[in-house]
Structures are given as C-alpha cells and as structure tokens.
Amino acid sequence: MLFSRFTRSIKTILIVEDEPLVAFDNELRVVDAGYRVVATVDTQDEAIAVLEREAIDLVLADVNLSRGGSGIEVARVASERDIPVLFATGTCPGGAQQYAIGCLNKPYSAAELVGAIDAVDRLIRGKKPRTMPRHLSLFASP
C-alpha cells in the first residue's frame, strides 16, 4: 500500500490525577483525541490496582496524589511492566527520567496535552516528534 494509515502505539491511557477538575478535563481531552481512558483514579493504590488488571499503553500521572500517595511509585510499578509514563505535574520530580518517558508541566492547554501524548507515541515508535509542546520535556530520543 502506497499510503498507509497512521497507527498509534498508544490507544489506552490510565489517568492518575488527584485534582478532580484537572482529571475530568484530561479525560475529556484524551477521549476527544481518540484515546480510550481505561480509568481515572486519584490514589497510588487505585492506580497500581488498575495497572495489575488492565492493558494500558500509557500512564498520565501527577506526582502528588490523594492520601499521601506518589505518582513516582505508580511510575515505578508501570516501568516494571514496560508501560511508559508521562508525568503531568506542577514540577517535574528529580530523577523522573528513571521511571518516565517525559514530563508535561502544569499549567498546560488541551492542545499541549494531546500534543505531548502524540510526541510520546512517536518517540515510542522510534520517530522524532513532529512538534514539541512548550511545557513538555522528553527524556529519550528516537
């Protein structure tokens, strides 16, 4: 076939966010962009439970979670399962490269969120991102 259709590596996303309005907005934005949200949770324990039972292509995680939980611990568990993590947080944590593929700093727009996921998807497929959202830092290169 001369013109192949673009195939995403990322189809399913787990959203881990303790701010209800941010979580709701993130979910709406990624669903509108054609992704399937497996779950939206606000605690470390809930996130890890979802990781253990669902097929997930990307974890979009805040760092500070409800009930004293940590998105870094969620990222550690996800990395053990070879699931990429994109932190979406106010301040990217030190050592984030150990468990995450990148960090999207808040505040970010809907376009930046979708663009960040697209950039991560292209990176996973060994391609250079077409555009880099202003608030995105990637920790790997194709």
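User: What should I know about the model and its numbering before I start?

Analyst: The model is predicted, so local features need pLDDT of at least 70, side-chain atom pairs count only at pLDDT 80 or more, and totals for chains, interfaces and linings use all residues. Residues are numbered from 1 along each chain as its sequence is written, and side-chain values use heavy atoms, with hydrogens and water left out.

User: How many residues does helix H1 have, and what span is expected?

Analyst: Helices (H or I, at least four residues) and strands (E, at least two) are DSSP runs, numbered from the N terminus. The expected span of a helix is 1.5 Å times one less than its number of residues. Helix H1 (residues 20-32) has 13 residues, and from its first C-alpha to its last it reaches 18 Å, close to the expected 18 Å. Just after H1, glycine 34 has a positive phi of about 100°.

User: Which residues of H1 are buried?

Analyst: Buried means under 20% relative accessible area, exposed over 50%, and partly exposed in between (1.4 Å probe, protein chains only). In H1 the buried residues are Ala23, Asn26 and Val30. Seen down the axis of H1, they fall within an arc of 65°, so they line one face of the helix; the arc is that of the directions from the helix axis to the C-beta atoms. On the other side of H1, the exposed residues are Pro20, Leu21, Phe24 and Asp32.

User: What do the buried residues of H2 pack against?

Analyst: In helix H2 (residues 44-53), Ala47, Ile48, Val50 and Leu51 are buried. Their arc, seen down the axis of H2, is within 160°, so they line one face of the helix. They pack against strands S1 (12-16), S2 (36-41) and S3 (58-61), and against helix H3 (71-80). Asp45, Glu52 and Arg53 are exposed on the other side of H2.

User: Is leucine 60 buried or exposed, and which residues does leucine 60 touch?

Analyst: Leucine 60, found in strand S3, is buried, with a relative accessible area of 2%. Contact means heavy atoms within 4.5 Å. Leaving out residues up to four places away in sequence, leucine 60 touches several residues, among them Ile13, Asn26, Leu86 and Leu113.

User: Which residue lies over the face of tyrosine 35?

Analyst: A charge sits over a ring if NZ of Lys or CZ of Arg is within 6 Å of the ring centre and within 35 degrees of the ring normal. Here arginine 8 lies over the face of tyrosine 35, at 4.0 Å from the ring centre.
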